[in-house]
Amino acid sequence: MTDTEKTDATAEPARALTPRQRARTQTVADIIRLGRRHLALHGAAALSLRAVARDLGVVSSAVYRYVESRDELLTLLLIDAFNELGDDVDAAIEAVPADDHAGRFTALGRAVRTWALREPASYALLFGSPVPGYNAPAERTTVPGTRVIVALIGILESAFRAGRLAVADAVRAEVPAALQADLEAIRAQFGLTVPEELVARGVLVWSALFGAVSFEAFNQYGPDTFSAPAELFDHHLAVLAGVAGLQLRAPRDDG
């Protein structure tokens, strides 16, 4: 028996939820589901726990036993949406071979766009205008909220370690001295070997990717400007892959 098997065999089994805990978990899930419906119909600023309670078929005081305020509901909706987006992105990336870094980047971008167009109200909650009077608790929303950027960082770092991330000398831009400390802090935080210049480019790619998605999701191009929005977005991704310094996957040696 391996050490891992011993650990697994001696580990204390997870405690089963009690009927009351299961009921509470289901009720919170129903509140989140209805909250997302109200978000789509009325927007975040008009979100009301009383209205959610009415659709749930209970008095408003009963809902407050599960979700104490509108702000708490917004936090739950944020976490739920961030994790749904993160799950979609992770699944899309994992469907592409690990050494196809440009392909994984494309899969990430397409997954973000697909989710945003499928869930425009939730996307607006995450990346649109802030909700007046609401401040998301960082200790609860930072981890789910950074899943996509962490996935992007992972792709770029993997490409660099494989020698597939580089920028031609002709298109290099000097990193201002005042910015270097911030970039170095990012490198230290994530344990990156990617140099500062490529970290800066990664930040540009991140912001441009979500900017392109937001322009389409919020109809900023206008209704008749582009008849092939998916093709436009793929073109953006191809350009951004070049900005990041991603190279085509090296051919396999089958000999």
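Helices here are DSSP runs of H or I, at least four residues long, numbered from the N terminus. With that rule, the chain of this predicted model reads α-α-α-α-α-α-α-α-α-α-α-α along the sequence. That is twelve helices and zero strands.

Start with the overall dimensions. The C-alpha trace spans about 65 × 65 × 40 Å along its principal axes. The chain has 255 residues, and 37% of them are buried. It exposes about 14,800 Å². Carbon and sulfur atoms supply 55% of that area.

Now look for empty space inside. Rolling a probe the size of a water molecule over the atoms shows where such space is left. A search of the whole structure finds one cavity of 30 Å³ or more. The volume of the largest cavity is about 40 Å³.

Which residues line the largest cavity? They are A212, E216, Y221, P229, L232, F233 and H236. By class, the lining divides into five nonpolar residues, one polar and one charged. Glu counts as charged, so E216 is the charged one.

The largest share comes from α12, with four residues.

Note on methods:
Residues are numbered from 1 along each chain as its sequence is written. This is a predicted model: local features need pLDDT of at least 70, side-chain atom pairs count only at pLDDT 80 or more; totals for chains, interfaces and linings use all residues. Side-chain values use heavy atoms; hydrogens and water are left out. On a 1 Å grid over the protein atoms alone, a cavity is a set of points where a 1.4 Å probe fits but cannot get out, and a pocket is an open set with protein on both sides within 12 Å along at least five of seven lines; lining residues have an atom within 4 Å of a point. Grid points are joined across faces, edges and corners, and a volume is the space filled by probe spheres set on the points. Helices (H or I, at least four residues) and strands (E, at least two) are DSSP runs, numbered from the N terminus. Buried means under 20% relative accessible area, exposed over 50%, partly exposed in between (1.4 Å probe, protein chains only). Accessible areas come from the Shrake-Rupley method with a 1.4 Å probe; for residues, only the protein chains shown count as cover.
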